[in-house]
Structure formats: structure tokens, C-alpha cells
Amino acid sequence: LVEEKVRELAEFAEHFSFGLERYAGSRGRFPPRKRRNKRAVYVATIEKANSLFNSLYEEGRCSEVGLVVVDELHMIGDGYRGAILETCLTKFLTLKSGPRIIGMTATLNNHKEIAGFMKCSMEHVGGPRPVTLVEHVKMGDTIYSVEKTRGELKSVRQSTPLSSPVNTTTLDKDCVASLVQEVLPERVLVFCPTKNSCEITARMLTNTLPSTGDEMKHKRTILIDRIRAETA
């Protein structure tokens, strides 16, 4: 996820001249090197973010941090990683002149309690779910819809391999690519049972699906122009 976020921010870093560093796995320097005339964005896992704070605190450099963005804030309720996230946030909150903290989540039930802990206000973005959730099940080559009231399966259609210059029947025996293409260019989540299966499926989709790079680049360009206009 860190690698993905870094790739998404790379073009913004180039246009707005700020440093971009990743802190995940074996990557990341503690403490981070000082920058004279250039701001920096650190994209980090929960564990690395905690270590990053510790290194800055030991060097007396916590004042260099102006903004902390926490995605998936609901993870604060998890076991081991939730405890680390809570510890890291507590350290920032106890600073005399700490940074601004923005937490984001779509699945937080005790938001008032969390807001009290973080000493912040809440802002609800969006309204009712814009798209109705419809559950389908694929068995063999047949796709079934799931009736909500009775839980019965109703045959909808047959799945077909995606047309491609490569042999998708060999690459994509379960027709995952054709199902994913139905949703593109919107985002799609594909869950796999193992890490190895995730890598294999990701490579298969990359080799099978048409590229959406130009469209994403166009969206980033629009966003960059909007940011420049607002900060001009």
C-alpha cells in the first residue's frame, strides 16, 4: 500500500517540488535527513510511522512535522497494530505545539469517542451510498444473483473470458479479468487467499486488461491544476 501511495503522489511531488520518501519494510532513514528549502512527505506503515516519530523526538525535531494524515483510522481498534497506532497518535497529541492530525475512515462506529481522544471535530463527507450493493456468486461458468430476502440463487448469465491478444483462457481460468473490466475505470477490490495468489492475479490482470494509465494521468492533471488555482 505504501508503494501504491508513493506512485500516486510522485507526479504531485514533481509539480509542487516537495520531497517524497517511503517508510516500509527495510526502507526509510531514521531520523530523516534535514531539508533546507524543501518540504517532504513521508508515506509510512503504522510501525514505521511510530519509529519515525521516535527518531524525530530524540533529535528534537518534532516541530518539523506540520500535518499527520491517518488513513483507515478504524484500525485503532485492532489488536497489535491498533495499539501501535494509538501509541503513535498519543505521542503527537501530547506535544505542546503538535501537528494538525487528520484521520480518515469509512467504517468507524465509535466516532465520537475517537474524536474525543484526538481532541478534534468530526466532518462527515458524503451521504447515502450512491451505488446499491448487489451480491453475485460465480459457480463454474454461471453467475448467480443472491436474493436478499430468501438467500436463494438466481441464474443471471454465463461468464466469458476477456477478448485479448493473449490466451486468457490459460491465464484467467476463472474469468476474473472479464468481471473486473465490467467495473473499470472505477476501482475494484480483488481478494485472494494468499500473498502468492495476489501476486499471480495482479500480474494476470496487468497482462490481460487494457491500460487505464492515460485516463488516470488526465485526472491527476486536472487535480494538479485545481490545487494550483486554489493556492495561487
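A residue counts as buried when its relative accessible area is under 20%, as exposed when that area is over 50%, and as partly exposed in between, with a 1.4 Å probe and protein chains only. The model is a predicted one, in which local features need pLDDT of at least 70 and side-chain atom pairs count only at pLDDT 80 or more, while totals for chains, interfaces and linings use all residues. Residues are numbered from 1 along each chain as its sequence is written, and side-chain values use heavy atoms, with hydrogens and water left out.

The chain holds eight helices and seven strands, which are DSSP runs numbered from the N terminus (helices H or I, at least four residues; strands E, at least two). Its radius of gyration, taken over C-alpha atoms, is 22 Å, well over the 17 Å of the globule rule for 232 residues, so the chain is more spread out than a compact globule; that rule is 2.2 Å times the number of residues to the power 0.38. Along the principal axes, the C-alpha trace spans about 65 × 40 × 40 Å.

Turning to the cysteines, a disulfide is a pair of cysteine sulfur atoms within 2.5 Å, and the count by this rule is zero. Cys88 is in no disulfide, since the nearest cysteine sulfur, that of Cys62, is 10 Å away; Cys88 is also buried, at 6% relative accessibility. Cys198 is likewise in no disulfide, with the nearest cysteine sulfur, that of Cys192, 4.1 Å away, and Cys198 is partly exposed, at a relative accessible area of 35%.
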